[in-house]
Amino acid sequence: MAKSVYIHIPFCKSKCKYCSFISFCNIENIRVYLSSLMKEIKFSYKGEQLKTLYFGGGTPSLLSAEQLEKIIKIFNLDKDTEITLEVNPDDASLEYLSALKQIGINRLSIGSQTFNDEILNSIGRRHNSKQTINAVKMAKQVGFGNISLDLIYGLPGQTIDILKKDLEIISTLGVQHISTYGLKIEEDSYWGKFPPENLPDDDMQADMYLEVNDYLESKGYKRYEISNFALNNYESKHNLNYWNNDEYYGFGVAAHGYNDGIRYSNTCSFKNYLHNPLQHSEEHVQTKIEKLEEEIFLGFRKESGVNVSRIKDRYDIDFEIKYKEILNKFSPKYIKKTPQGYKLTLEGVLLSNNILAEFLE
């Protein structure tokens with residue numbers, strides 16, 4: 001049973017050069033899009049009480065508080081439901097953030113990416129570092145106590161010293177959660193067509209990841225997933241739902257969902273979605289092997305690792321027997337035994353793609 005919901009808001013005022021997500025700059029179509037989105041939600045949502053509700057994009061903060069409230073009111077929520085909105089720093093104002101708090105949004109994910117203004121400009125971001133800092137301060141002022149910042153490393157022209165300055169600024173802002181992403185050039189992005197110069201190489205990206213890990217942990221942030229750090233009890237409940245391989249609804253153009261053992265995706269065509277928001281473009285009933293492989297792949301992303309008892313209960317498989325050769329090959333340098341099962345070491349995280357490929361049949 002799905003107890004989490006992801007809602008895709010596919011609008012941006014402009015497209016960042018690294019972005020390959022489905023988004024459109026014709027923001028005049030927001031109202032007609034929301035009409036189709038509401039139809040899809042009311043058709044598919046079965047009234048389950050939600051643990052998490054997440055507005056992603058695109059730029060969800062282009063929606064007014066009134067528009068967001070109409071969507072939120074459809075769902076069965078309680079005081080503990082985590083409701084997250086992704087916010088661009090240049091959309092943040094005291095009035096807007098206060099209105100978000102009043103309609104029940106209790107977690108913000110602010111797209112900072114870096115605090116170096118020259119790099120921000122070069123990657124196509126609309127905001128500057130001061131706007132990010134002010135957005136965090138205003139969010140705190142109106143009462144938000146669960147704020148996440150995004151940080152990208154491996155950007156063109158970025159050095160370890162620039163990254164260190166970013167981390168120093170983040171640590172002074174006192175946010176509860178930080179998501180870090182190594183830059184990957186996707187074919188569908190602007191940079192996929194026009195590759196940038198002066199990119200840090202793979203070794204430099206690895207050094208940057210280690211710097212992020214060491215610095216944030218020294219400031220009290222715990223790495224609970226390969227790319228995510230949080231103060232105690234501020235882990236993203238919504239993202240943990242994905243990494244625990246639990247089910248969720250996905251609503252909106254290009255959204256993905258997982259419900260009743262079926263992985264599904266919606267059309268990436270804005271026109272087609274408006275015409276028929278009730279039809280999934282693809283549906284796939286997962287086999288037992290596919291579910292097991294995802295359980296392992298997602299489990300190793302978490303700092304808590306793979307839970308062998310959970311795998312035994314769900315799939316009737318003895319993990320240690322089935323994967324004995326792989327565990328022996330990578331333990332203890334890259335895979336470490338835990339009280340619940342197995343996890344990647346920090347060295348293992350750097351080689352995670354190669355290691356996890358060995359568990360695929």
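Predicted model: local features only at pLDDT ≥ 70, side-chain atom pairs only at ≥ 80, totals over all residues.
1. Helix 5 covers residues 129-141, and its end C-alpha atoms are 18 Å apart. This agrees with the 18 Å that its 13 residues should span at 1.5 Å a residue.

2. Ser129, Thr132, Ala135, Val136, Met138 and Ala139 are the buried residues of helix 5. Their cover includes helix 3 (94-102), helix 4 (117-122) and helix 6 (160-173), together with strand 4 (107-113) and strand 5 (147-153).

3. Pro89 is located in the loop between strand 3 (82-87) and helix 3. Its relative accessible area is 2%, and Pro89 is therefore buried. Beyond its neighbours within four places in sequence, Pro89 contacts Ile110, Gly111, Arg125, His127, Gln131, Thr132 and Ala135. Pro89 and Ile110 are 21 residues apart in sequence, yet their C-alpha atoms are 6.5 Å apart in space.

4. Helix 11 (residues 288-301) and helix 12 (residues 308-315) have axes that come within 11 Å and cross at roughly 170°. The two helices are therefore roughly antiparallel to each other. Helix 11 contributes Lys288, Lys291, Leu292, Glu295 and Ile296 to the contact, and helix 12 contributes Arg310, Ile311, Arg314 and Tyr315. By class, the residues of this contact comprise four nonpolar, no polar and five charged.

How values were computed:
Residues numbered from 1 in each chain as written. Heavy atoms only, no water. Axes fitted to C-alpha atoms, helices over the stretch in contact; angles between N-to-C directions. Helix = DSSP H or I, 4+ residues; strand = E, 2+ residues; numbered from the N terminus. Parallel < 35°, antiparallel > 145°, perpendicular 65-115°, else oblique. Contact = heavy atoms within 4.5 Å. Nonpolar A, V, L, I, M, F, W, Y, C, P; charged D, E, K, R; others polar. Expected span 1.5 Å × (residues − 1). Buried < 20%, exposed > 50% of the residue type's maximum accessible area, 1.4 Å probe, protein only.
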